[in-house]
Amino acid sequence: MFLKNFSIKALSAALILASASGAVFAKSYKGDYKGEACPQPPMLKTGWYLGLQVGYDTYKVRNQVTSPVGSALVANPVLTANDWVGGLMLGYGTMLNNWFYLGGEIFADTSNAEQTFSATAGGTTYTNKFEVNSSYGLGLLPGIKITDSTLTYFRMGWNWANLKTSETLTAAASNNKSETVNGFVFGIGMETLIVDSWSLRGEWDHVAYSGYTTGGGYNTTVSPSNNEYMLGLIYHFG
């Protein structure tokens, strides 16, 4: 809970910093002074960019457990798997007019989020461990320019995640199921140019992933979703 609250506060602080930085840059530029040209204020960059992102995953995973390996156990736990996530992004963005931005992006991340659930029935103990390994995806980023150096944007796209469920039952064979699931992602973020070709980004995303069944005599139905809080540092080639 502490880490989740910390990540939300960090994202909020980044968004406030981005907005304030853009406003300060815009306000400080006053044009020519006594006929002399002043340096141009930082401007939003267009073209190709490469970035590093870090953040926090908060997965919610509903497990429909029904009589694994013939036992009398029935359970419907919701696991919360939280941990740090990080990776790389590559994209291209452009201003379509004076205020409307449109970008496209691909990314790949790795995560350490995991959680374990145990239950006992009829003298047997059932254990379920959920793990997140990696995720990747693509997105469309329409945005609105707030100042010459700052924009807010929405994310719409499709994500894939590699997940693993490990199940054990007393006196029965264990079962491991790795599955690549996919789902629609939507989110909102803010980006500001901080110096030269470098910009800072803060973003929140939600993904509702497709479910899967573990099989192997356990046949647990796993239904995951994720709220993700990300900070990104981006280099613009344009």
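**Aromatic pairs and nonpolar cores**

Q: Which residues touch the most other members in the largest nonpolar core?
A: Y59, Y126, F130 and L163 do, out of 23 residues in that core. A nonpolar core here is a set of buried Ala, Val, Leu, Ile, Met, Phe, Trp, Tyr and Cys residues joined through side-chain atoms within 4.5 Å. Buried means under 20% relative accessible area, exposed over 50%, and partly exposed in between (1.4 Å probe, protein chains only).

Q: Before we go on, what sort of model is this?
A: A predicted one: local features need pLDDT of at least 70, side-chain atom pairs count only at pLDDT 80 or more, and totals for chains, interfaces and linings use all residues. Residues are numbered from 1 along each chain as its sequence is written, and side-chain values use heavy atoms, leaving out hydrogens and water.

Q: OK, what does Y126 touch?
A: Leaving aside residues up to four places away in sequence, its contacts (heavy atoms within 4.5 Å) include F117, L169 and Y218.

Q: Switching to rings, how many aromatic pairs are there?
A: The structure holds 12. Rings of Phe, Tyr and Trp (its six-membered ring) pair if their centres lie within 6.5 Å; planes under 30 degrees apart count as stacked, over 60 as edge-to-face and the rest as tilted. W48 and Y92 are edge-to-face, with 5.3 Å centre to centre and 65° between the planes.

Q: And how are Y136 and W160 arranged?
A: Stacked, at 5.6 Å centre to centre and 10° between the planes.

Q: Is Y136 buried or partly exposed?
A: Partly exposed, with a relative accessible area of 40%. W160 also counts as partly exposed, at 25%.

Q: Which residues form an aromatic cluster?
A: W158, F184, F186 and W204 form one.
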